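Dear colleague,

Here is the structure I said I would pass on. My notes on it follow below.

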Amino acid sequence: MIVNIALLTVTDTRTFENDKSGAILVKKLEEAKHKLIDRKICKDNKEDIVKILKDWIKQSEIDVVITTGGTGLTGRDITPEAVNEIADKHIPGFGEVFRTISLKTVGTSAIQSRACAVLANGKYVFALPGSSGGVTDAWDGILKHQLDINHKPCNFVELFPRLKEK
């Protein structure tokens, strides 16, 4: 099943030309035969991030929103706080599993990531780190499986509201 995805890169420094993590995610979702509905780059500004997220979760054609960047511990890293503002339910297991996977690739530095996931207006919103390794770990270790309707014993796709409408 094709999953419709919106992708937001949160950064004060990147453009589409040098957004390596965003490009990795675009490639991986295309390889999985999913559809990129929208892609934006936004500065590390909470109000701007929230505005984009609110717009996307209102769009019926979008199933999943993925953000990359702004999940660290520095002063400008504000993505988890923005995601929290739109959350209906938190998915704590996502961050826990992500950090477990990252532990194998970056060691105890994994503890510095605040990667998280929520359910908002029936959409899944995943906040990933801005590093190319972090987005690769998240996609290959979690998202490619959970966004595959054939993954058993369960997956996020089978819970999409648009499937329940049919």
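Tyr 124 and Phe 126 are both buried in this predicted model. For Phe 126 the relative accessibility is 0%, and the cut-off for buried is under 20%, so Phe 126 counts as buried. Phe 94 has a relative accessibility of 3% and therefore counts as buried by that cut-off too.

Aromatic rings

A pair of aromatic rings is described by the distance of the centres and the angle of the planes. The rule for ring pairs gives five aromatic pairs here. In one of them, Phe 94 and Phe 126, the ring centres are 5.2 Å apart and the planes stand at 45°, so this pair is tilted. Phe 94 and Phe 126 are 32 residues apart, and their pair links distant parts of the chain: Phe 94 belongs to helix α4 (residues 92-106), Phe 126 to strand β6 (residues 123-128). Phe 126 also forms an aromatic pair with Tyr 124. That pair is stacked, with 6.2 Å from centre to centre and 10° between the planes. Through ring pairs, Phe 94, Tyr 124, Phe 126, Phe 156 and Phe 160 are linked into a cluster.

Helices α1 and α5

Helix α1 (residues 20-31) and helix α5 (residues 132-146) have axes that come within 8 Å and cross at roughly 20°. Angles under 35 degrees count as roughly parallel, so α1 is roughly parallel to α5. The crossing in which α1 passes α5 is right-handed. On the α1 side the contact involves Lys 20, Ser 21, Ile 24, Leu 25, Lys 28 and Leu 29; on the α5 side it involves Ser 132, Val 135, Thr 136, Trp 139 and Asp 140. Sorted by class, the residues in the contact of α1 with α5 are five nonpolar, three polar and three charged.

Helices α2 and α3

The axes of helix α2 (residues 46-58) and helix α3 (residues 79-86) come within 9 Å, crossing at roughly 40°. That angle makes α2 oblique to α3. Here too there is a right-handed crossing, of α2 past α3. From α2, the residues Lys 46, Ile 49, Val 50, Leu 53, Lys 54 and Ile 57 meet Thr 79, Glu 81, Ala 82, Val 83, Glu 85 and Ile 86 from α3. The contact of α2 with α3 comprises seven nonpolar residues, one polar and four charged.

Regards

How values were computed: Residues numbered from 1 in each chain as written. Predicted model: local features only at pLDDT ≥ 70, side-chain atom pairs only at ≥ 80, totals over all residues. Heavy atoms only, no water. Phe/Tyr/Trp six-rings, centres within 6.5 Å; stacked < 30°, edge-to-face > 60°. Helix = DSSP H or I, 4+ residues; strand = E, 2+ residues; numbered from the N terminus. Buried < 20%, exposed > 50% of the residue type's maximum accessible area, 1.4 Å probe, protein only. Axes fitted to C-alpha atoms, helices over the stretch in contact; angles between N-to-C directions. Parallel < 35°, antiparallel > 145°, perpendicular 65-115°, else oblique. Left-handed = near helix turned anticlockwise from the far one by under 90°. Contact = heavy atoms within 4.5 Å. Nonpolar A, V, L, I, M, F, W, Y, C, P; charged D, E, K, R; others polar.
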